[in-house]
Protein chains: 2
Amino acid sequence: MNWRRKVMTSQQLTNWLKQRTYLTPDRIALISDKREYTFKELWTMTIEMASKIHSHVKESQSEFIGLMIKNTVESVTVIHAVQQLGLTAVLLNHRLSPSELAFQIEDMNLSAVILDDEFYEKLQNQPIQKVTLSGLHKATPSTFEIKGHFQLDQVCSVMYTSGTTGAPKGVLQTYGNHWWSAIGSSLNLGTSENDTWLCSVPLFHISGYSILMRSVIYGMSVRLFEHFDVERINRELKSGSITIMSAVSNMLQRMLKDLGDESYHGNFRCMLLGGGPAPLPLLEICRDKEIPVFQTYGMTETSSQIVTLSPEYSLSKLGSAGKPLFPSELKIKKETRPAAAYEEGEILVKGPNVTIGYYKREGANQKSFEDGWLSTGDIGYVDDEGFLFVLDRRSDLIISGGENVYPAEIESMLASHKEIEDVGVAGISSDEWGQVPCAFIVKGTMSLLNGKDVLSFCKKNLASYKQPKKIVFVDEIPRNASNKILRRVLRERWEQGVYRDEH
Amino acid sequence: MNWRRKVMTSQQLTNWLKQRTYLTPDRIALISDKREYTFKELWTMTIEMASKIHSHVKESQSEFIGLMIKNTVESVTVIHAVQQLGLTAVLLNHRLSPSELAFQIEDMNLSAVILDDEFYEKLQNQPIQKVTLSGLHKATPSTFEIKGHFQLDQVCSVMYTSGTTGAPKGVLQTYGNHWWSAIGSSLNLGTSENDTWLCSVPLFHISGYSILMRSVIYGMSVRLFEHFDVERINRELKSGSITIMSAVSNMLQRMLKDLGDESYHGNFRCMLLGGGPAPLPLLEICRDKEIPVFQTYGMTETSSQIVTLSPEYSLSKLGSAGKPLFPSELKIKKETRPAAAYEEGEILVKGPNVTIGYYKREGANQKSFEDGWLSTGDIGYVDDEGFLFVLDRRSDLIISGGENVYPAEIESMLASHKEIEDVGVAGISSDEWGQVPCAFIVKGTMSLLNGKDVLSFCKKNLASYKQPKKIVFVDEIPRNASNKILRRVLRERWEQGVYRDEH
C-alpha cells in the first residue's frame with residue numbers, strides 16, 4: 001500500500017530513570033530504614049555510582065557485569081548505574097555456594113563482578129575483577145555519556161532460573177520485558193501517585209528487581225527492607241505507610257502469626273502473593289482478616305507476574321492464580337492438543353514480558369519456545385471462565401500407582417495443622433507404587449507431634465493414594481531465593497540418607 | 001552476537017475488547033442515560049453489530065469505512081465492531097458541511113459510510129453506500145472471523161485535523177498510537193478499578209475516541225453523554241459517580257457558572273482540560289474551589305494528550321500544560337536550533353503515540369516529520385524545570401509592529417471580565433502595524449457592555465501593543481469539534497464584512 005509511510009514502531013523509550021527524574025524530581029523514589037530519597041537524589045547517586053563503576057570497567061570489552069548485592073540503597077543505585085552505563089547486569093544470588101557461583105561466572109564469561117564487601121570471600125578463588133562497594137567509594141569518577149533512550153530489545157538483566165529442576169540457565173530479560181511486565185501489572189493492580197511498594201524480597205531476584213523497574217516507570221515509592229523483618233514490616237503495614245507488598249506464602253504465614261488479632265491499615269491495598277500455589281487455609285485466614293491478597297503466578301522467564309487474580313475475584317475464585325495480565329496470554333497443553341476446561345496439562349504462556357530465551361542454551365530454547373509460547377514446566381488447569389489453577393511443577397509431580405499426586409495439595413493440607421510450622425512434600429521411590437509421597441515437616445518449638453499423629457491427620461483429610469507414606473521431621477525446608485520449596489533437594493537429601501526416617 | 005535469539009518485539013497485542021471481556025466480563029464498561037453495560041454485554045452487542053456491518057460491506061475491497069455517529073451506546077458498538085472486522089474507521093465530523101464531507105469522502109476514496117439516520121441528508125448526494133443504523137438493525141448477520149490479535153502498526157482510525165489552519169488532512173492513527181496514548185495517560189493520571197470517565201466530548205474526535213480505548217485497556221467505566229448537558233453533568237460530578245472528565249475551557253467555564261457556590265464530590269479526581277491554553281482566571285477559580293484540573297496539551301496527531309501537568313504541580317505551575325507523558329518527548333525549536341529555557345519557539349513532540357503521518361500528503365509529511373519529531377505548528381516555551389507553556393498556534397500569532405502578540409493571552413485576560421461570556425482574538429491587517437489584534441466578544445445576555453468599556457478594560461491590563469485595536473460584538477465564537485477557537489474563521493469573517501465594526 002503505497003500511502004503508508006514507513007512505520008516507526010516503538011523500539012526505544014526514553015531513559016527511564018532520567019525521564020522519571022525530569023517528570024517528577026521531588027517524588028519519593030526510595031525509603032530505607034534511615035531516610036527517604038527523591039527521584040532527583042536517586043538520579044544523582046546513580047550517576048555518581050555509574051561514573052565510579054565506569055572508571056573500574058571501562059577497559060573491559062564485556063557487555064555483561066556480575067552483581068552480588070544485598071537489599072540496600074547502594075544496591076539500588078548499582079542496578080540503575082549499570083543500566084545507565086548500557087551494560088547488562090548478571091544478578092548473582094549471594095546465597096549460592098562458591099562452586100555454583102563459579103558455574104554462572106564461567107557460563108556468562110564474566111570479567112568483573114560488583115559485590116558487597118561481605119561476599120568477597122565467596123568469590124575469592126574466581127579469576128575475575130572483584131569491584132567491592134568500598135572500593136567504589138574510593139574510586140575516581142570517570143565521565144560517560146548518558147543515553148537518551150533505552151532500546152527495548154536490548155538485554156537489561158540476566159538471572160539464573162531458580163533451579164527447582166535441572167541445571168541453572170541464564171534467563172535473558174530485555175528492557176522491553178521489564179517494561180511490559182510493569183505495564184501489565186499496572187493495568188491489573190492500578191496505579192496511584194500515593195502508592196508505596198514494600199520490597200523485602202531480594203533485588204537480585206525478579207520479584208525485587210521488578211519493583212525497582214515499576215518504581216521508575218510509575219513514579220512510585222519503594223520501601224526497601226534489607227531483610228524480611230516480620231515485626232517491623234507488620235508495624236508499617238498497620239501504620240498505613242504501605243499500599244502494596246510482594247510476598248510468598250511462607251512470609252505471609254509468619255506475618256499473620258505475628259499479627260495476631262490485629263489487622264492492617266485500610267491504605268494497604270495489595271498483598272501480591274507469588275512463589276507457588278498458596279495453601280487454601282492461608283487464603284481463608286486472609287479473607288477473614290480482610291487482607292487483600294492477589295494470588296499471582298510468574299517466574300524469572302516472565303519477568304515477574306504473568307497471571308494474577310483480579311480484585312473482584314479474590315473471594316469467589318479463592319485458590320486460583322487468576323487470569324493473564326492484559327498484554328499476555330495463557331493456554332493449557334494436554335500432550336499435543338489444547339486442553340479443555342478443567343483438564344490438567346502443562347501451562348504455556350505468551351506475551352511481551354516473556355524472556356527472549358536462555359543464554360547459550362539452544363537445546364532448552366528449542367524445547368521451551370514454540371511460536372512465541374513458553375512451556376513453563378508447570379501443571380495446571382483453567383476453569384470454564386478461564387481462571388488458572390496451578391497444581392504443581394511438572395518435575396515435582398508424584399506419580400503413584402498411576403495416579404497424579406500434587407505435593408502442593410498435600411502441603412496445603414498439612415500447613416493447616418496448628419503444630420506444623422513448615423512442610424514440604426516430595427516423591428520418593430517405591431517398589432510397589434513407583435513413587436510415593438513423603439512429607440518433610442518442621443514442627444513447632446514446643447510441639448510433641450510425632451509421625452503417627454501426622455499420618456492419622458492425613459488419613460482424615462486425604463484420599464488414600466495421596467497420603468504420605470513417610471513422615472520425616474526436619475529442621476528446615478530448603479527454599480530457593482524466591483522462597484519456593486526445593487522439592488528436588490528434599491528428595492536428594494532423602495536418597496543420600498541425610499534425613500532420619502521417622503516412620 | 002550469536003547468542004541472541006531472534007528478538008520477538010511486540011508488534012501485536014491481544015484483541016483488546018476480547019481480552020478485556022475475558023479478564024473482567026462483569027465490570028461496567030459503559031453507562032448511558034438509561035442503563036449500565038458490562039464488558040460482556042458490550043462484547044455481545046459489538047459482535048452482533050460487526051456481523052451486521054459485515055453483511056453490508058463484505059463485498060467491498062476497501063479497508064476504510066466512514067463513520068458519522070453521535071455519542072450513543074450504539075455508536076460505541078459501531079466503533080468496536082469496525083475494529084473487530086479489521087477495518088479502518090474514518091471518523092467524519094457530522095458538524096461539517098456537505099461539501100466539506102464530500103472532500104473527505106473523496107480524499108479517502110470511501111465506498112461506504114455507516115451513519116446515524118439523522119445525518120442521511122448531509123450525504124444525500126454522495127455516490128457512496130450509506131449504511132444507516134436503522135438499516136443495520138434490519139440486516140441479517142453475516143459471520144466473520146474474530147481476530148485473536150491487533151497489529152500495532154495497523155491503522156485503526158483516521159481523523160481529519162480540526163483545520164484551525166490550512167486544508168484538512170487525514171491523520172492516520174495506528175493501534176499502537178492508541179495503545180501508547182492510553183498507557184502514557186495511565187502512567188500520569190494513575191488508574192483504579194473504581195474509575196468512571198465522563199465522556200461528553202465527541203466520539204468522532206480523538207478526545208472521545210481515546211476514552212473508549214482507555215476503557216477497554218484499563219477495564220474502566222465510561223459515562224457517556226450524548227450532549228454537553230451542564231446541569232446533568234454537574235449533578236453527576238456532585239454525586240460522586242464520576243472520577244475523571246475530559247473538558248475544554250469553554251465547557252468548564254459553563255460548568256463553574258452552573259455550579260455556583262457548590263463543589264464537586266471528593267471522588268472526582270481529575271478534570272482533564274485540553275483544547276488549547278486555558279485562561280488563568282478559570283484555573284484560579286478551580287484552584288479556589290479545589291477542582292483538580294490537569295491542564296493538557298495534545299492534538300489529533302498525538303492520539304490525545306502528550307503533555308500533561310502532574311497533580312503535584314497543578315498549583316505551583318498554574319497555566320502550564322506540564323511535562324510529556326512518560327513514553328513521549330518534547331522540545332522547542334527556535335529557527336533551526338533548540339531553544340533555551342524560557343525562549344519561545346515551535347513545539348516539537350515525539351513518541352509512540354504520535355501519528356505515522358497524514359494520508360496521501362507527502363508534502364505535509366516531509367514538512368512535519370523529521371527524525372520522528374512532529375512539528376506541531378504551536379508556539380510555546382519550556383521553563384528551567386522543563387514545564388511547557390503553550391502560547392498559541394503559530395498560524396494565529398499576530399505580529400504587530402514587529403512584536404509577537406499571542407491571541408490566547410488577550411483572550412485569557414478578557415475572559416476574566418464578568419460581563420464577557422466568550423471571546424476570540426485574531427489579527428487583522430493594518431497599514432500602520434502590519435497586523436493588529438481584534439477582539440470578538442460574546443457579551444452576557446443582560447450586559448450593556450460597549451466597545452469603549454472593553455478598550456478601557458484592556459488599557460488597564462495589557463501592554464499597549466497587545467491592546468485590541470478593534471472590538472467586535474458577535475453572537476458566538478466559531479469553534480471546531482474539539483472546541484478550539486477558529487481564529488482563522490474570525491479573521492475571514494471580518495475580512496468578508498460579515499461582522500459589523502463596533503469601534
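Predicted model: local features only at pLDDT ≥ 70, side-chain atom pairs only at ≥ 80, totals over all residues.
A salt bridge here is a side-chain nitrogen of Lys or Arg within 4 Å of a carboxyl oxygen of Asp or Glu. Residues are numbered from 1 along each chain as its sequence is written, chains are lettered from A in the order in which they are written, and side-chain values use heavy atoms, with hydrogens and water left out.

- Chain A can be laid on chain B with an RMSD of 0.1 Å by a turn of 180° and a shift of 0.0 Å along the axis (a least-squares superposition on the C-alpha atoms of residues with pLDDT of at least 70 in both).
- The two copies are thus related as by a two-fold rotation axis.
- In chain A, the residue that comes closest to this axis is A:Thr191, with its C-alpha at 2.6 Å.
- Contact means heavy atoms within 4.5 Å, and 60 residues of chain A are in contact with 60 residues of chain B.
- The two chains bury about 5,200 Å² between them, 57% of it on carbon and sulfur atoms (buried area is the accessible area, 1.4 Å probe, that two parts lose on being put together, summed over both).
- The salt bridge count between chain A and chain B is 0, while 15 residue pairs across the interface are in polar contact, both residues at pLDDT 80 or more.
- A polar contact is a pair of N or O atoms within 3.5 Å; within protein, one must be able to donate a hydrogen and the other to accept it, and residues adjacent in sequence count only if both atoms are side-chain atoms.

**Inside the protein**

- Buried means under 20% relative accessible area, exposed over 50%, and partly exposed in between (1.4 Å probe, protein chains only).
- A nonpolar core is a set of buried Ala, Val, Leu, Ile, Met, Phe, Trp, Tyr and Cys residues joined through side-chain atoms within 4.5 Å.
- The largest such core has 181 residues, and A:Trp179, A:Met245, B:Trp179 and B:Met245 touch the most other members.
- Beyond its neighbours within four places in sequence, B:Met245 has contacts that include B:Trp197, B:Phe228 and B:Phe268.
- A:Gln295 is buried at 5% relative accessible area, and a polar atom of its side chain lies 3.3 Å from the backbone oxygen of A:Ser320.
- A:Asn234 is buried too, at 0%, and touches A:Met255, A:Asp258, A:Leu259 and A:Tyr264, not counting residues up to four places away in sequence.

**Salt bridges**

- Over all chains, the whole structure has 44 salt bridges.
- A:Lys70 pairs with A:Glu118, the closest N and O atoms being 2.7 Å apart.
- Both of these residues lie in loops of chain A, so the pair ties together parts that are 48 residues apart in sequence.
- A:Lys70 counts as buried at 16% relative accessibility, whereas A:Glu118 is exposed at 54%.
- A:Lys238 and A:Glu262 form another salt bridge, with the closest N and O atoms 3.0 Å apart.
- Back in chain B, B:Arg35 is partly exposed at 37%, as is B:Glu41 at 32%.
- Salt bridges that share partners join A:Asp33, A:Arg223, A:Asp229, A:Arg232 and A:Glu236 into one network.

Note on methods
Helix = DSSP H or I, 4+ residues; strand = E, 2+ residues; numbered from the N terminus.
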